[in-house]
Amino acid sequence: MNKTFRKFFLIVACLSIAVVSATTVFQLKKANAVAEGDVSASAMNTPYEVMLGGKSIGVKMDVKGVLVVGLEEIPTSDGKTINPGLLAGLQLGDSIVSIDGNKVENAKQVQKLINQIKKEVYLKINRKNEIMNVKITPVLSSEEKQYRIGLWVRDKTAGIGTMTYFDPHNNSFGALGHAITDADTGVILKVGNGEILNAKVESVKQGKAGSPGEIRGIFYETDTPLGNMLSNTPYGIFGKMYENGFDTTSATSIQVGTRDQVKKGKAYILSTLNGNTIEKYEISIEKINNQSKADTKSMVIKVTDKRLLDKSGGIIQGMSGSPIIQDDKLIGAVTHVFINDPQKGYAVFIEWMLEQSNAVEKQ
């Protein structure tokens with residue numbers, strides 16, 4: 001082949017399954033009510049069906065704005081050090097939207113503008129959904145001979161997770177079951193541009209108490225993308241599938257189970273731990289949280305399948321989004337692993353994910 005392929009070896013981190021302490025207590029925040037006109041599975045008068053996922057996917061995403069993940073001191077020619085970002089009041093998790101009215105989308109643009117202007121500038125930032133204007137004075141670094149504002153920033157991320165479902169009614173997909181967050185700040189990353197791609201599992205690191213396992217996989221940047229990622233929420237990532245992005249001929253159609261139909265006891269998950277092969281593994285639902293509105297950590301689950309325990313030690317990073325099936329209905333997705341007990345973890349009701357799909361349909 002003449003094309004040069006960039007291969008991404010991804011040790012799954014912020015896109016993978018979230019890690020929590022086994023002693024974590026449910027601390028559920030009240031979610032905003034669903035917008036009028038949105039349809040949840042509980043409100044459906046007739047059975048609602050989607051196509052089952054379970055395959056590993058690569059996710060690449062450009063962050064909306066430029067996220068501040070660190071502050072640093074800049075050495076000057078007089079032997080002193082100055083931290084312009086700290087002096088200006090910038091905080092970790094701030095997102096830079098523009099510089100002197102010029103929209104910025106990546107770190108290179110920030111550096112270029114700062115070195116073009118070389119004097120006091122105004123940054124428009126987004127801090128916890130509040131827009132603010134901050135005045136900052138760049139400093140000429142004695143080491144790099146360039147103007148700096150003392151910020152470490154992040155503008156993109158990539159990783160591997162699991163597709164939960166494809167909804168043919170609105171051509172939407174849902175995956176991961178939880179948000180992609182910045183590893184340094186914990187901030188939920190806002191989507192600038194994003195896509196999902198086919199991924200292949202290369203190896204599995206087994207999880208142990210105190211040391212979460214992980215799926216290691218690859219995807220190729222030049223492969224044809226499967227879909228366009230439009231939103232990153234506490235309940236997963238969502239978007240629209242491209243034409244032929246999901247093979248409906250080989251996938252299984254399944255009825256959606258409402259949260260009131262979920263019960264303690266035996267269930268199954270679908271996950272990919274070897275190549276591109278989706279496998280079915282037995283789990284047990286041990287606790288069900290009564291949620292009347294969208295929230296995370298809907299269920300506590302436990303892996304009971306010996307094959308999965310022997311291979312991975314239980315729930316591992318990269319399995320987030322694995323669909324959960326009970327009584328031949330799709331009821332949820334795997335989201336978290338207990339760090340001190342990898343056999344156990346949290347899951348989210350599928351209804352909360354489908355509500356996000358409905359929201360994507362209106363975009």
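**Reading the chain**

Tutor: The protein chain has a secondary structure of 4 helices and 26 strands, where helices (H or I, at least four residues) and strands (E, at least two) are DSSP runs numbered from the N terminus. This is a predicted model, in which local features need pLDDT of at least 70, side-chain atom pairs count only at pLDDT 80 or more, and totals for chains, interfaces and linings use all residues. Residues are numbered from 1 along each chain as its sequence is written, and side-chain values use heavy atoms, with hydrogens and water left out.

Student: What share of the residues in the protein chain is buried?

Tutor: A residue is called buried under 20% relative accessible area, exposed over 50%, and partly exposed in between, with a 1.4 Å probe and protein chains only. Of the 363 residues in the protein chain, 50% are buried. As for contacts, meaning heavy atoms within 4.5 Å, 73% of those with a separation of 6 or more join residues 24 or more positions apart.

Student: Which strands pair with β23?

Tutor: Two strands pair if DSSP finds at least two bridges between them. Strand β22 (residues 277-288) pairs with β23 in the antiparallel sense over 5 bridges, and within this pairing Ile283 stands opposite Val303, while Ile288 has Met299 as its bridge partner. Strand β26 (residues 341-349) also pairs with β23 in the antiparallel sense, over 4 bridges, and there Met299 has Ala347 as its partner. Strand β23 itself (residues 299-303) is mostly covered, with 4 of its 5 residues buried.

Student: How many bridges join β21 to β22?

Tutor: Strand β21 (residues 265-274) is joined to β22 by 9 bridges, and the two run antiparallel; Ser271, for instance, has Glu279 in β22 as its bridge partner. The hairpin of these strands has 2 residues between them, and Gly275 takes a positive phi near 60° there.

Student: Which residues other than glycine have a positive phi?

Tutor: Two cases can be set side by side. Lys145, which is not a glycine, has a positive phi of about 60°; Lys145 lies in the loop between β11 (139-140) and β12 (147-148), and is exposed with a relative accessible area of 63%. Asn244 has a positive phi near 65°, lies in the loop between β19 (236-241) and β20 (253-256), and counts as exposed at 73% relative accessibility.

Student: How much space lies in the second largest pocket, and which residues lie nearest its centre?

Tutor: Rolling a probe the size of a water molecule over the atoms shows where empty space is left. On a 1 Å grid over the protein atoms alone, a pocket is an open set of points where a 1.4 Å probe fits, with protein on both sides within 12 Å along at least five of seven lines, and lining residues have an atom within 4 Å of a point. Grid points are joined across faces, edges and corners, and a volume is the space filled by probe spheres set on the points. The second largest pocket holds about 450 Å³ of space, and of its 20 lining residues, Lys128, Asn129, Val187, Ile188 and Lys190 lie nearest its centre. At least two residues of the lining come from each of β4 (56-71), β9 (121-127) and β18 (227-233).
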